[in-house]
Amino acid sequence: MFDSISDVNYAAYFESIKMPDITILNLINWVAASAMIFGGAIPFIPQYLDIRRTRHAEGFSTFVCLNLIIANVLRILFWFGRHFELPLLAQSILMLFAMLAMVKLCVSVASKSEILTAKNRHFLDFDIEYFWKWTDFLSYVEFTVTFSLVVGILTFLLINNRFYIEVLGFMAVFAEAMLGTPQFYRNFINKSTVGMSKKMVAMWTCGDIFKTGYFILREAPVQFWICGALQVSIDIAIFMQVLIYRRRPPITVVKAARS
């Protein structure tokens, strides 16, 4: 039946491979895992499309991207010290690239909308006043790589220190929990939510509720679901701003009218 012993070994190997049973529970788990992987980046699609369409990014805070870049770099490094579910790791990697894409668009739009060319600002200037306000996309990549290398080396040296790993995990989820804070602050300063995608915030809220429930049901580390609940609270606060500022023009428009 088989030409050689090797053929017998291959046959035994393939017989040992079994496809997972397709059950309702498995389907639910696959859908939930897929939602975790892509659900974090999807809410930013409406904001990305709005910025591309209007060529205007003033209503969106790029510090939201900073929060998520830091959070996901820390979460990826946390995985090496304390393994958690692979869908969460995949989500972090995808989100990292998604946030860099958002920053790239915002930098491009800002440079094209300037009437007078402002002085170029770069990461390597090390000017704290212009942190995360650089005029070229490469500076944002340089910061991301530098931050990843510094924390990565520290994690490599302290990989067996349980306290450090737990702190790293907490900082990762806490930074993500504060995702909406820069947007809340920008809305408060502008006294307006014009330019901010309401669909994005709605999807944030739905995603964060789902994510927090997922953390609890899958018994993720306690830091994950506590900070998830905090994130939902900030999302709701931003929705309150939408209601409060819905009849007010942006403060920048008011100033322009008076000048």
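This is a predicted model: local features need pLDDT of at least 70, side-chain atom pairs count only at pLDDT 80 or more; totals for chains, interfaces and linings use all residues.
Contact here means heavy atoms within 4.5 Å.

View 1. Residues are numbered from 1 along each chain as its sequence is written, and side-chain values use heavy atoms, with hydrogens and water left out. Among contacts with a separation of 6 or more, 75% join residues 24 or more positions apart.

**View 2. Surface and interior of the chain.** Of its 259 residues, 39% count as buried (under 20% relative accessible area, with a 1.4 Å probe and protein chains only). The accessible surface comes to about 15600 Å² (Shrake-Rupley method, 1.4 Å probe), and carbon and sulfur atoms hold 69% of that surface.

**View 3. Helix H4 beside helix H6.** The axes of H4 (residues 63–81) and H6 (residues 137–157) come within 10 Å and cross at roughly 30° (lines fitted to C-alpha atoms over the stretch in contact, with angles from 0 to 180 degrees between N-to-C directions). The two helices are therefore roughly parallel to each other (angles under 35 degrees).

**View 4. Side chains between H4 and H6.** H4 contributes Leu66, Ile69, Ile70, Val73, Leu74 and Leu77 to the contact, and H6 contributes residues including Phe143, Phe147 and Val151. These contact residues divide into 9 nonpolar, 4 polar and no charged (nonpolar: Ala, Val, Leu, Ile, Met, Phe, Trp, Tyr, Cys and Pro; charged: Asp, Glu, Lys and Arg; polar: the others, Gly among them).

Conventions:
Helices (H or I, at least four residues) and strands (E, at least two) are DSSP runs, numbered from the N terminus. Angles under 35 degrees count as roughly parallel, over 145 as roughly antiparallel, 65 to 115 as roughly perpendicular and the rest as oblique. Buried means under 20% relative accessible area, exposed over 50%, partly exposed in between (1.4 Å probe, protein chains only).
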